[in-house]
Amino acid sequence: MEITFPAVETNLVTVDIMMNLWSNYKEVLHQTFPDLYIDRLWADWEGKGTKLVAQTYEHKHFLKSREVEIWNEKSSIYNNIIYPKTNASNIPTGILPCFGMDLMGFSDKKVIIVFDFQHPVENYSFSVEGLPVYEGDYRFFEIGNHFSKNIYIAKCTMSEVDEHLEMFKTYLTKYRDMIELEKPTGLDTSFYKDFDTYMTKLDPVSGYLKGKFGGEKAESLVNDFLFTYG
């Protein structure tokens, strides 16, 4: 008698879909910044059916781009913040905004897409001409304090994620133009102290990570990888 395992096969297919949910967004990121290259793999964890990969990228005008991917058979989360180098001499604050991406698929029908120019200066009003201004109510993101007026927040299903890809590309192109205009080269990470401290308090992922990988790993990811300048 032939024995088959359809449940396991279905599980593997589902996990593969979750792993690749944000692949087109990652492709746009690397097309926009083709000289972005992997610096190091910081974590490669698996716990309770959930996979986590954390790594950093380098670029001649970035201090780092730090990327975290978390997925299992039901959900898929992609988070990345680009920290530009400092000493941008042609702008009043002396520093460009970061570019942050929170792409969160919690279930098939609950997906939240967020990307924005996240300025490291506290309570600094930042906006980019020609981009939409967010007028909704989303308390988690404090617009005007590290989040710009142009923050892009969309709710959709997993089958609809690529409908927001063109806008993601538009935002990233604007960001690339900022970087290429200023060509920052400074290495003063103190510019990001308040920003990373603020983001550490704001970030909701630590509780989720504790349940999957334990408290020690969760704390290390937040303090030693996600927000190291605070």
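**View 1. Threonine 56 in strand β2 of the predicted model**. Threonine 56 has its place in strand β2, which covers residues 50–59. The relative accessible area of threonine 56 is 10%; because the cut-off for buried is under 20%, this residue counts as buried. Opposite threonine 56 stands arginine 66 of β3. When residues up to four places away in sequence are left out, threonine 56 touches Tyr37, Ile38, Asp39, Arg40, Ser65, Arg66 and Phe225.

**View 2. The hairpin of β2 and β3**. Strands β2 and β3 are antiparallel and pair over eight bridges. The hairpin that joins them passes through two residues. The pair of threonine 56 and arginine 66 can be located here, with the arginine in β3. Strand β3 is mostly covered, and 10 of its 10 residues are buried.

**View 3. The hairpin of β3 and β4**. On its way from β3 to β4 the chain has four residues between the two strands of this hairpin. The strands run antiparallel and are joined by nine bridges. Tryptophan 71 has serine 76, in β4, as its bridge partner. β3 takes in residues 62–71 and β4 residues 76–84.

**View 4. Pairing of β4 with β5**. Seven bridges join these two strands, and they run antiparallel. Isoleucine 81 stands opposite glycine 100, which belongs to β5. Like β3, which is described as mostly covered, β5 is mostly covered: eight of its 10 residues are buried.

**View 5. The hairpin of β5 and β6**. Two residues lie between β5 and β6 in this hairpin. The two strands are antiparallel, with nine bridges joining them. Cysteine 98 is paired with glutamine 118 of β6. Serine 107 has lysine 110, also listed in β6, as its bridge partner. β5 spans residues 98–107, and β6 spans residues 110–118.

**View 6. The sheet as a whole**. Seven strands make an open sheet, with antiparallel pairing, in the order β1-β2-β3-β4-β5-β6-β7. β1 (37–47) and β7 stand at the edges and have a single partner strand each, so one side of each lacks a neighbour in the sheet. On average, and ignoring direction, neighbouring strands of the sheet are turned by 10° against each other. Strands of a sheet in general pair through backbone hydrogen bonds, in a parallel or an antiparallel way.

**View 7. Helix α2 across the sheet**. Helix α2, residues 23–32, lies across β2, β3, β4, β5 and β6. Relative to β4, α2 runs at about 15°. α2 is also one of the elements against which the buried residues of α3 pack.

**View 8. The buried face of helix α3**. The buried residues of α3 are Leu165, Phe168, Tyr171, Leu172, Tyr175, Met178, Ile179 and Glu182. Looking down the axis of α3, these residues fall within an arc of 135°, so they line one face of the helix.

**View 9. Length and end of helix α3**. Helix α3 has 18 residues, 165–182, and at 1.5 Å a residue it should span 26 Å. Its end C-alpha atoms are 26 Å apart, in agreement with that value. Lysine 183 follows α3 and has a positive phi, near 50°.

**View 10. The whole chain, for orientation**. The chain contains six helices and seven strands. Along the sequence these elements follow the pattern α-α-β-β-β-β-β-β-β-α-α-α-α. The radius of gyration is 18 Å, close to the 17 Å that the globule rule gives for 230 residues, so the chain is as compact as a globular protein of that length. The C-alpha trace spans about 75 × 35 × 35 Å along its principal axes. Of the 230 residues, 47% count as buried. Among contacts with a separation of 6 or more, 61% are between residues 24 or more positions apart.

Methods:
Residues numbered from 1 in each chain as written. Predicted model: local features only at pLDDT ≥ 70, side-chain atom pairs only at ≥ 80, totals over all residues. Heavy atoms only, no water. Expected span 1.5 Å × (residues − 1). Buried < 20%, exposed > 50% of the residue type's maximum accessible area, 1.4 Å probe, protein only. Arc of directions from axis to C-beta. Contact = heavy atoms within 4.5 Å. Pairing = 2+ DSSP bridges. Axes fitted to C-alpha atoms, helices over the stretch in contact; angles between N-to-C directions. Rg over C-alpha atoms; globule rule 2.2 N^0.38 Å.
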